Amino acid sequence: MITYSVSQMPSKLNCLIVPLFEEKGMDSYIKSLDKEFGGVISDVLKSKDFEGKKLQTSLIYTKDKGISRILLIGLGKEKDLNVKKYKEVVGAAVMTCQNKKMDKLGFFVQPGLIKKYSAKKVGLDLSVASEVAAYAYDEHKTDKDAKVTKLKNIEFVGEFNVATKRGLEKGLEEGILVSSGVNFARHLGNTPPTIMTPEYLASEVQKNFKSIPKLNVKVLNKQEITKLGMGCLLAVARGSEHEPKFIIAEDWGADRKRKPTVLVGKGITFDSGGLSLKPGQFMTDMKFDMLGAASVIGAIKVAAELKLKKNIIALVPAAENMPSGTAFRPDDILKAMNGKTILVENTDAEGRLVLADGLSYASKYKPKEVIDLATLTGACMAALGLERSGLFTPEEKMNEKLSYVSNSVGEQLWRMPLGEEYSEAMKSEIADIKNMGGVGGERYGTASTAAAFLQVFTDYPWAHIDLASAIYGSKGKPWIRAGANGFGVQTLVEYLR
């Protein structure tokens with residue numbers, strides 16, 4: 001864990017990070033630092049080698065014993081800056097220094113940002129962006145020199161009065177908790193499927209939640225799942241040697257008479273496609289098919305640690321989808337926990353099946369609302385790309401709130417349609433519904449037909465998030481390393497506040 005501090009002047013550091021806007025010069029604080037370092041910053045600005053364009057960098061050597069280097073990094077045009085872009089700049093600066101083996105950093109905080117967002121908000125975003133950038137899943141590397149340098153300290157500096165300093169420190173404290181949930185979700189997702197089985201996922205939740213007061217965890221085994229009539233979860237797990245688990249985490253932070261918000265996460269720890277086997281190139285990265293589960297697990301962890309006065313339940317139907325002589329088949333008819341029958345047309349549409357039982361179980365709580373998260377469809381990625389996730393809900397208030405809070409934390413949701421045509425496409429001639437369907441063609445509108453399938457199992461206010469932007473590719477981004485990115489944790493936490 002990184003140690004943070006807030007001060008007027010930087011102390012002994014490997015590097016001082018100075019973010020600057022494009023087409024805007026140094027403020028009085030940076031001018032005084034520049035004078036102290038012999039004008040090295042102004043020299044670079046005069047040379048036009050650095051102009052403040054977003055993510056542009058310039059590393060300056062100062063010959064100072066206390067601060068040997070200054071990293072200038074561009075914020076872009078001030079009018080274009082938002083939370084997402086600011087966090088990307090913070091993360092990129094941290095990773096740049098970390099990749100150069102620096103472990104003690106300073107970071108200048110612009111007074112304009114504090115005025116725009118509040119000191120607490122800026123402190124929270126700074127610590128989240130820093131922790132997310134610093135995280136690396138490299139525990140399986142045997143070469144110590146290949147491992148990412150662990151950051152020890154980050155000192156945030158600027159012209160702060162007492163109230164501003166306190167606000168920043170409060171935000172930093174909360175940000176550490178939020179980022180721990182984000183990185184916990186990432187760590188679960190990045191863990192290889194040789195380790196990350198349904199049993200292991202359940203044990204990690206139990207182990208990590210054990211010390212959090214009022215956060216109760218129960219894990220249902222195969223026999224208990226069978227007794228509940230979760231025919232879909234049982235079917236998906238049938239082809240694997242690993243038994244399914246149904247993970248329940250409860251945070252009764254308010255009066256139990258108040259209806260809870262229930263979070264449901266798809267927990268497919270590896271998805272081969274089952275008997276409808278995926279082509280080889282599409283089977284890579286299928287360890288990430290449990291990122292919906294990881295996000296709801298991370299979110300309830302943060303909510304409990306922040307001691308939010310809300311009743312929150314997290315449900316995770318966990319299974320591995322594998323082909324074998326015992327695997328479920330196309331043309332099977334399954335019965336979900338709520339009694340609905342489902343014709344299986346493709347065993348690779350398994351995520352919606354396990355969610356059917358998860359959403360049915362959520363009804364037991366008579367919830368205020370339910371939000372499910374899942375890496376559900378390639379169609380959502382085709383529609384939105386990999387920078388936004390799809391939001392499906394018939395509830396206008398949930399849409400407005402989720403859209404607002406996702407933007408406020410720098411995540412991006414885009415509302416996708418639900419409606420009669422999508423529901424009709426999922427009806428079956430020989431069962432209540434089928435697990436595949438399109439509107440006007442088998443491949444048309446399939447992100448929405450998948451959501452319409454889930455809607456069948458809801459009798460409460462509900463929203464579905466299809467995690468199109470849950471991972472970054474093999475090279476990652478300048479502000480975050482490759483693999484699971486923890487999308488959704490911050491949005492859920494902010495929604496629950």
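Analyst: Let us begin with a pocket. This model is predicted. The second largest pocket has 20 lining residues, and Met-1, Glu-131, Tyr-135, Lys-150 and Asn-183 are those nearest its centre.

User: Which helices each supply at least two residues of that lining?

Analyst: They are helix H5 (119-134) and helix H6 (162-190). H6 gives the most, with five residues. By class, the lining of this second largest pocket has nine nonpolar, six polar and five charged residues. The volume of the pocket is about 500 Å³.

User: What volume does the largest pocket have?

Analyst: The largest pocket has about 1400 Å³. It is lined by 43 residues, and Lys-278, Asp-348, Thr-377, Gly-378 and Ala-379 are the closest to its centre. Among the elements that give two or more residues to this lining are helix H10 (280-283), helix H12 (351-362) and strand E19 (471-472). Helix H13 gives the most, namely three residues. The lining comprises 17 nonpolar, 13 polar and 13 charged residues.

User: Which residues line the second largest cavity?

Analyst: Its lining consists of Lys-87, Leu-124, Asp-125, Val-178, Val-409, Gln-490, Val-493, Glu-494 and Arg-497. Helix H17 (489-496) and H5 each supply at least two of the lining residues, and the largest share, three residues, comes from H17. The second largest cavity holds about 50 Å³ of space.

User: Finally, which residues of the largest nonpolar core touch the most other members?

Analyst: A nonpolar core is built of buried residues joined through their side chains. The largest one here has 93 residues, and Tyr-86, Phe-107, Ile-154, Leu-201, Phe-209 and Ile-371 touch the most other members. Helix H11 (residues 291-305) provides the largest share of this core, 10 residues. Leaving aside residues up to four places away in sequence, Tyr-86 touches several residues, including Leu-75, Phe-107 and Val-122. A second, separate core of 44 residues includes Val-236, Ile-268, Val-370 and Tyr-422.

Notes
Residues are numbered from 1 along each chain as its sequence is written. This is a predicted model: local features need pLDDT of at least 70, side-chain atom pairs count only at pLDDT 80 or more; totals for chains, interfaces and linings use all residues. Side-chain values use heavy atoms; hydrogens and water are left out. A nonpolar core is a set of buried Ala, Val, Leu, Ile, Met, Phe, Trp, Tyr and Cys residues joined through side-chain atoms within 4.5 Å. Buried means under 20% relative accessible area, exposed over 50%, partly exposed in between (1.4 Å probe, protein chains only). Helices (H or I, at least four residues) and strands (E, at least two) are DSSP runs, numbered from the N terminus. Contact means heavy atoms within 4.5 Å. On a 1 Å grid over the protein atoms alone, a cavity is a set of points where a 1.4 Å probe fits but cannot get out, and a pocket is an open set with protein on both sides within 12 Å along at least five of seven lines; lining residues have an atom within 4 Å of a point. Grid points are joined across faces, edges and corners, and a volume is the space filled by probe spheres set on the points. Ala, Val, Leu, Ile, Met, Phe, Trp, Tyr, Cys and Pro count as nonpolar, Asp, Glu, Lys and Arg as charged, and the others, Gly among them, as polar.
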